[in-house]
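Hi everyone, thanks for making time.

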Amino acid sequence: MNYKEQYEAWLNNEYFDEATREELMAIREDEEEIEDRFYRNLEFGTAGLRGKVGAGTNRMNKYIIRQATQGLADFIVAKGQEYMGRGVAIAYDVRHFSREFAKEAALVLAGNGIKAYLFEDIRPTPELSYTVRRLQAAGGIVVTASHNPREYNGYKVYWEEGAQILSDIAVAVEKNIESIKDFSKIKMIDEQTALKQGLLNILGQEIDDEYLGKVESLALRDDINKEIKLVYTPLNGTGNIPVRRVLKERGFKNVWVVPEQEKPDPDFSTVGYPNPEDTKAFAYAEKLGKSMDAEMVFATDPDCDRVACMVKGKNGDYVPLNGNQTGAILIEYILSSLREKGKLTGNGYIVKSIVTGDLGKAIAQSYGIETFETLTGFKNICGKVNEMEKKCDHPFLFGYEESIGYVAGTFVRDKDGVIASMLLCEAAAYYSFQGKSLLDVLEELYHTHGYHMEKLISLTLEGMEGQQRIGRMMKEYRKNFPMQMGDNDLMQYIDYEKGIRFDVVNQKETSGSIPVSDVLRYFFEDGSWYAVRPSGTEPKIKIYIYTKGRSREEAQKKITVFEKTIMGLLNDVE
Ligand SMILES: O=P(O)(O)OC[C@H]1O[C@H](O)[C@H](O)[C@@H](O)[C@@H]1O
């Protein structure tokens with residue numbers, strides 16, 4: 001069916017409620033809107049289904065939730081009684097309809113005879129990952145669109161190890177979803193029946209206590225400055241209660257929370273775009289930070305799986321740290337603390353994504369620790385941990401991405417803003433005890449391991465038009481890319497979609513052990529490199545530039561050259 005036929009089918013389907021059909025009626029004359037809502041089905045991207053809330057196949061609504069959950073239920077039912085009995089844990093964030101969508105999912109699972117465990121209220125995404133492991137559930141669901149703008153919602157799916165599903169399961173579930181053409185065939189029961197039959201179970205504080213206890217068990221040291229002044233903003237999301245509780249229980253005395261961003265607000269009214277990667281999200285935190293003379297201000301995103309910080313600089317202004325820099329500092333803090341306590345064994349390992357910078361890896365190497373690389377998506381990072389766990393008993397030390405996701409410990413298999421907030425505050429407090437700020441620590445790391453500079457450029461291109469242009473940009477760039485950046489020669493490139501690695505110097509192509517994804521990566525003589533890929537969570541094409549130099553200025557200058565050259569080519573694509 002084309003988009004117009006899909007639209008008509010929805011409009012005339014009596015299964016859909018009046019509000020949905022009215023919403024669709026209202027766009028009858030708006031061809032572009034109809035196309036955008038129906039030209040495709042939402043697909044499992046970097047982090048599950050994600051889309052704007054509204055009626056349509058390319059939107060998040062209760063029907064898409066039911067359909068997706070039926071697809072997941074079919075997958076679980078096919079695995080048999082044991083999996084059905086183990087059930088599925090469900091959490092949700094503060095967004096519009098998150099609670100309703102979560103309940104819809106629970107009742108579809110129950111309708112299929114699968115036990116559902118639904119949290120009584122909002123919870124951070126990583127707590128769901130913990131819960132899946134703790135309950136030995138078959139899987140999990142989180143209704144969240146993470147850091148996307150307020151118009152969005154999403155649906156993340158987890159499997160038994162507590163990590164988000166990888167493509168093997170995602171493909172099977174998607175196939176099931178596609179086969180559900182008739183919505184009225186979706187099996188669903190009402191709440192009372194589900195409760196009575198023991199198929200709907202409500203989760204509450206008992207899980208919080210256990211999870212937070214586990215988080216606190218990751219604390220590395222107590223010779224820290226617990227008086228350090230910190231300002232925190234949960235950006236109106238799920239982090240408020242757990243992050244504050246953990247810091248309090250760890251003895252931090254001076255933590256202030258941005259009052260306007262403390263309580264849940266699905267409109268993120270004072271933030272706009274609730275993404276801590278964007279320094280604009282820190283406006284209120286910076287203001288409060290200045291009035292309190294805080295050493296560090298930090299923010300978690302709405303589902304509290306990510307955290308970012310800004311650190312007070314010499315002139316009193318706050319300097320943002322990006323995900324690579326924060327990751328590097330945390331690696332230094334974790335590894336040096338473990339070594340000091342005699343707990344660092346040589347076979348431990350770190351995992352990062354292929355578009356994460358190399359400073360963390362260089363630090364790990366200096367401690368004799370190996371770094372593995374995976375495709376973008378924390379599911380891949382945790383997938384590596386699951387895989388290693390089956391193969392050997394090497395201790396997992398830390399996983400991180402440039403997109404401000406971090407995890408330590410093995411009881412959560414996703415990025416964890418609660419764990420990362422605790423470790424970050426602890427690191428800030430430890431170095432403060434030594435008379436240093438995190439900016440001083442970063443400078444020392446640059447001094448030791450070389451100046452690693454980076455720039456992430458994201459071009460937002462919305463709708464079908466935008467998606468097609470991103471496709472053309474990738475296609476053109478694949479064929480036509482620069483062989484030089486200034487006087488820096490291209491040495492090698494990897495086309496992950498084609499599964500090839502090309503050695504430019506020897507003109508030799510190799511393949512093998514390259515995971516398939518639409519990513520291009522180019523490596524230069526001096527160790528600088530960059531990558532180009534479409535985002536899997538937002539309508540964006542992303543360009544990641546990483547340069548190396550003997551000084552900040554040298555590395556920064558290279559960034560300018562890379563950016564001008566790459567963007568010149570990409571912007572030329574119509
Ligand atoms: O670059 P994208 O595909 O938009 O993904 C950006 C980020 O989205 C989610 O938060 C994923 O869990 C991360 O692993 C990913 O890095």
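Let me start with a term: a polar contact is a pair of N or O atoms within 3.5 Å; within protein, one must be able to donate a hydrogen and the other to accept it, and residues adjacent in sequence count only if both atoms are side-chain atoms. Please keep in mind that this is a predicted model, where local features need pLDDT of at least 70 and side-chain atom pairs pLDDT 80 or more, while totals for chains, interfaces and linings use all residues. Residues are numbered from 1 along each chain as its sequence is written, and side-chain values use heavy atoms, without hydrogens and water.

So, what holds the ligand's oxygens? In the side chain of Arg 533, an N or O atom is 2.7 Å from a ligand oxygen, and for a polar side-chain atom of Ser 535 the distance to a ligand oxygen is 2.6 Å. The protein buries 99% of the 390 Å² that the ligand exposes when taken alone (Shrake-Rupley method, 1.4 Å probe).

Now the backbone. Gln 136 is not a glycine, yet its phi is positive, about 50°. Asn 236, also not a glycine, has a positive phi of about 60°. Most residues other than glycine have a negative phi.

Asn 236 is buried (under 20%), at 1%.

How values were computed
Buried < 20%, exposed > 50% of the residue type's maximum accessible area, 1.4 Å probe, protein only.
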